[in-house]
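Let us walk through a protein model step by step. Keep the sequence and the 3D view side by side.

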Amino acid sequence: MAEILIRNTNERITGEDNVRSFLNQYEVLFEKWDTSKLPAELQNKFVLDEEEKQQILDVYDTEIKDLAARRGYQIWDIITLSEATPDLEEKLAKFEEIHTHSEDEIRAIISGKGIFIIKGDEQTGYFNVELEPGDVISVPENTPHFFTLMDNKQIIAVRLFIEQNGWVADPYPDPSFIKA
C-alpha cells in the first residue's frame, strides 16, 4: 500500500482512501492492480528476458488496455531495475533530477518498491509517494517530480506512454528542493 511523506513536516499519510484523497488534490491518479495474478516465478525476479517481460504484459493486458483507453496511451513496456542493471547508478542519477514531461508519467509497480517525489502547492512543498507492488500512479503533465528506488534498489514496473518516443524529460531547476 502506498504511503505519502510530506517532506516539510514529516507527516505520513497512510491507508488507500487517505492516499487517494491526498493525491486527488494534485490530480495524481492512484489505482491498485491485483498482484496475485502474477505467476509466483516472476514475483520477485528482477532480471527478466523479453519473454518474461511479455508474460507480465500479457497478465496485465486487461488493466493496461483499460488505462490506455481512458487516458490515450499508445505504447507500453516493462522497466526492470536492480543491482544487476548495468550502469544502475548513472540511470538513477538521470531519474533523480527534478523534471517535467509534456505528458503524464505513469507507473504500475509489479514487484519491488519505488518513490515518486512530487512538487505540491506552496504550502505542502515536495512529498514522497512510496509505492509497492500493485500501486499504479500517474503524475500529471508539467508537474515537477522525479522517481527513484528505495534502499533495496529493485523494481519491475509497467510504463505507459502517449508519445511514440516514450520517456522525454524537461529539466526543472528548483533551488528550493532539498534532497532528503
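Predicted model: local features only at pLDDT ≥ 70, side-chain atom pairs only at ≥ 80, totals over all residues.

Residues are numbered from 1 along each chain as its sequence is written, and side-chain values use heavy atoms, with hydrogens and water left out.

Start with helix H3, residues 61-71. Helices (H or I, at least four residues) and strands (E, at least two) are DSSP runs, numbered from the N terminus. Glu63, Ile64, Leu67 and Ala68 of H3 are buried. Buried means under 20% relative accessible area, exposed over 50% and partly exposed in between (1.4 Å probe, protein chains only). Seen down the axis of H3, the buried residues fall within an arc of 135 degrees, so they line one face of the helix. That arc is taken from the directions from the helix axis to the C-beta atoms. Thr62 and Ala69, on the other side of H3, are exposed. Just after H3, glycine 72 has a positive phi of about 80 degrees.

The buried residues of H3 pack against several elements, including strand E6. Now turn to that strand. Serine 111 sits in E6 (residues 105-112). Is serine 111 buried or exposed? Serine 111 counts as buried because its relative accessibility is 1%. Beyond its neighbours within four places in sequence, serine 111 is in contact (heavy atoms within 4.5 Å) with residues including Leu38, Phe46 and Ile155.
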